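This briefing goes through one model, topic by topic. Please look at the sequence and the coordinates before reading on.

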Amino acid sequence: MAFIELKGIDYHINKKNKKLNMLFENLNLAIEGNEFITIVGANGIGKTTLSKLIIGVLKPDKGQVLLENINIEDYKRYEIGRKIGYLFQNPEIQLFNAKIYEELMFAYEFGEGISDEVRKRYDTVIKDLSLEKAVNTPIKQLSQGEKQRVAIGTILMNNPKFIILDEPTVGLNQELIDDLRVILLKIYHKGIGVLLISHDNEFVKSLPTKVLTLSKGGRISV
Ligand SMILES: Nc1ncnc2c1ncn2[C@@H]1O[C@H](COP(=O)(O)OP(=O)(O)O)[C@@H](O)[C@H]1O
Ligand SMILES: [Mg+2]
């Protein structure tokens, strides 16, 4: 049983004029939970759309998305978030608190409460993401790289089994890209599966990842 399975997916961009807007036709993909996979492909080919189908934000017109063998539509949004973390192409939109502590603890503070385990996880996440020096700075004043790491931190606080990152190197300088590589490797070596979407060939080549190419109509090749 694969962790994520896409079976016979059809997806149209424009639901009214289906013939002209077929993005995916009979797309099939199986991803294991402990894999490091990268999806590459031309601009506009459907990489972001595919990732949003995987987390159930978009619904296929035909076919099924299974998460641990259960239809993604049968999960509640927060249940999906605890299994799959998703870093948006512009992670700033994922942040809405003043400081890092509030941002990372938000779901716990207003949910099940902050247990010792959660506090320990927070310390680990701050350390793994090298955010120690940023904790007293308002999030708004953090650098782009730091904001991205805070967004990754909020994801890791959920203790996900898998993480999806959509074009995480866009807009980062070489130093930040190198930092991101270290972070991705740390995440992967903790046993968290990774699906990276990237057209940054140099970055992809530097990672221990299986590379899949998405092409027209939703064809996927190794
Ligand atoms: N909200 C939207 N409305 C209309 N067309 C969209 C929308 N989002 C994406 N598209 C179109 O769907 C196709 C796939 O987009 P996307 O998944 O973002 O590609 P990629 O991430 O590979 O660049 C593109 O042709 C894009 O123009
Ligand atoms: Mg995209």
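Ile80 has 18 C-beta neighbours inside 10 Å, so it counts as partly exposed; the class lies between buried (20 or more other C-beta atoms within 10 Å) and exposed (12 or fewer), with C-beta atoms placed from the backbone. The model is predicted, so local features need pLDDT of at least 70 and side-chain atom pairs pLDDT 80 or more, while totals for chains, interfaces and linings use all residues. Residues are numbered from 1 along each chain as its sequence is written, and chains are lettered from A and ligands numbered from 1 in the order in which they are written.

**Around Ile80**
- Ile80 belongs to helix α2 (residues 77-83); helices (H or I, at least four residues) and strands (E, at least two) are DSSP runs numbered from the N terminus.
- Beyond its neighbours within four places in sequence, Ile80 is in contact with Ile55, Gly56, Leu67, Ile72 and Tyr75; contact requires C-beta atoms, placed from the backbone, within 7 Å.
- Pro160 lies 80 residues from Ile80 in sequence, and their C-alpha atoms are 9.2 Å apart in space.

**Whole chain**
- The chain contains 7 helices and 10 strands.
- Its radius of gyration is 18 Å, close to the 17 Å that the globule rule gives for 222 residues, so the chain is as compact as a globular protein of that length; the radius is taken over C-alpha atoms, and the rule is 2.2 Å times the number of residues to the power 0.38.
- Along the principal axes, the C-alpha atoms of the chain fill a box of roughly 55 × 40 × 35 Å.
- Of the 222 residues in the chain, 31% are buried.
- Of the contacts between residues at least 6 apart in sequence, 69% join residues at least 24 apart.

**Sheet**
- Four strands form an open sheet in the order β2-β1-β4-β5, with antiparallel pairing; a pair needs at least two DSSP bridges.
- β2 (22-31) and β5 (70-71) are at the edges with a single partner strand each, so one side of each has no neighbour in the sheet.
- Strand β1 (residues 4-12) runs antiparallel to β2 and is joined to it by 6 bridges, and Leu6 stands opposite Leu29 in β2.

**Ligand 1**
- The residues surrounding ligand 1 include Ile13, Leu23, Lys47, Thr48 and Thr49; a residue is near if its C-beta atom, placed from the backbone, lies within 6 Å.
- Helix α1 (residues 47-54) gives the largest share of this shell, 3 residues.

How values were computed:
Two residues are in contact if their C-beta atoms, placed from the backbone, lie within 7 Å.
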